[in-house]
Amino acid sequence: MDDVRLEAAQARMLPDATARTPTRRATLHLAAGVLVTVVAAWWFVLAQEGSDVPAAGQVLDRTVDFAGRLLGVGDEATPAYAQSAKWAVVGRLALDTVVMSVLAAGMAGLGALATIAFAARSLTIGEFAPANRLLGRAAYLVVRGVHVVARSVPELVWALLLVFLVRPGVLAGALALALHDLGVMGRLGADVIDGLDRGPLRGLRASGARRLEILAYGVLPAALPQLVTFLLYRWEVIIRASVVVGFITAAGLGFQLRLDLSARRWTDVALILLVYVLLVWTVDLASTALRRLAR
């Protein structure tokens with residue numbers, strides 16, 4: 001980058017003193033707009049018929065009563081969290097949930113890795129585009145479109161659609177989670193590639209490397225650590241979403257939670273929530289440790 005372009009880039013990054021007042025004013029206007037929108041949303045809800053807000057004391061009484069049910073206060077039967085047999089059952093369901101999340105993260109990661117080169121602007125229609133520009137643009141639009149559709153449909157909706165195609169279970173849940181996260185990982189991966197330092201790639205091209213060699217020896221080694229970090233972040237999100245998806249696909253902790261809620265087995269619900277929290281906490285710790293290794 002020459003000096004003129006470097007100074008221009010630095011000028012864009014530094015705050016302009018003359019623009020402080022309009023920026024603050026714009027921030028105040030934005031804050032006022034957000035406040036008005038929130039107030040309007042509350043007004044819309046409260047204006048609905050039968051939408052009376054319960055008194056604080058009533059909410060507190062209900063909360064205490066519900067917490068007592070979860071703990072089994074007043075029940076003659078032994079609470080579920082005090083029975084080893086119940087822990088064994090919920091432990092097997094937790095294993096199903098973990099397997100579902102690992103399958104989903106693996107499929108989403110592989111799918112993203114196979115498609116992000118076609119979704120990166122720099123490799124399809126930018127500086128490193130193929131000689132056939134029309135083919136590069138077509139691939140860019142198609143893959144970008146697939147990523148947009150995949151991440152626009154929530155995991156729960158994918159699960160509702162997939163149970164008509166795949167037998168309900170762990171695989172159906174994993175596919176629903178993977179489809180949504182393929183779109184997210186595809187977008188993040190393409191942005192990572194577009195943000196890479198172009199210098200080493202230009203050096204490879206100048207030395208006579210072909211497109212596949214630039215991809216193999218320049219793009220992937222530089223982008224892979226960030227992609228692995230993103231995938232581990234998404235694994236944390238997937239393990240949380242797996243319970244909701246399990247409601248539909250009849251797999252893991254989610255389906256059992258649905259059954260226990262329907263039957264009002266409150267101490268069983270408390271046990272599942274406890275195991276779920278422990279599971280998410282464990283995955284968070286594992287993901288953090290793996291991200292440190294990937295850096």
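The radius of gyration used here is taken over C-alpha atoms, and the globule rule is 2.2 Å times the number of residues to the power 0.38. Please bear in mind that this is a predicted model.

**The whole chain**

Begin with the entire chain in view. A compact globule of 295 residues would have a radius of gyration near 19 Å, whereas this chain has 26 Å. Along the principal axes, its C-alpha atoms fill a box of roughly 80 × 50 × 35 Å.

Next, display the chain as a cartoon. Read along the sequence, the pattern is α-α-α-α-α-α-α-α-α-α-α-α.

Now switch to a surface display. The chain exposes about 18200 Å², of which carbon and sulfur atoms supply 67%. Buried residues make up 33% of the 295 residues. Among contacts with a separation of 6 or more, 73% are between residues 24 or more positions apart.

**An aromatic pair**

Select Phe66 and Trp266 and show their side chains. The structure holds 1 aromatic pair. Why is the pair of Phe66 and Trp266 called edge-to-face? The ring centres are 5.2 Å apart and the planes stand at 75°; planes over 60 degrees apart count as edge-to-face. The pair links distant parts of the chain, since Phe66 belongs to helix H3 (residues 56–71) and Trp266 to helix H12 (residues 266–294), 200 residues apart.

The two partners may then be considered in turn. Phe66 has 37% relative accessibility and therefore counts as partly exposed. Trp266 has 17% relative accessibility, so Trp266 counts as buried.

Is Trp43 buried or exposed? With 62% relative accessibility, Trp43 counts as exposed, because the cut-off for that class is over 50%.

**A loop residue**

Finally, select Val153. Val153 is located in the loop between helix H6 (133–152) and helix H7 (155–162). Which residues does Val153 contact, leaving aside its neighbours within four places in sequence? They are Trp158 and His180.

Conventions
Residues are numbered from 1 along each chain as its sequence is written. This is a predicted model: local features need pLDDT of at least 70, side-chain atom pairs count only at pLDDT 80 or more; totals for chains, interfaces and linings use all residues. Side-chain values use heavy atoms; hydrogens and water are left out. Rings of Phe, Tyr and Trp (its six-membered ring) pair if their centres lie within 6.5 Å; planes under 30 degrees apart count as stacked, over 60 as edge-to-face and the rest as tilted. Helices (H or I, at least four residues) and strands (E, at least two) are DSSP runs, numbered from the N terminus. Buried means under 20% relative accessible area, exposed over 50%, partly exposed in between (1.4 Å probe, protein chains only). Contact means heavy atoms within 4.5 Å. Accessible areas come from the Shrake-Rupley method with a 1.4 Å probe; for residues, only the protein chains shown count as cover.
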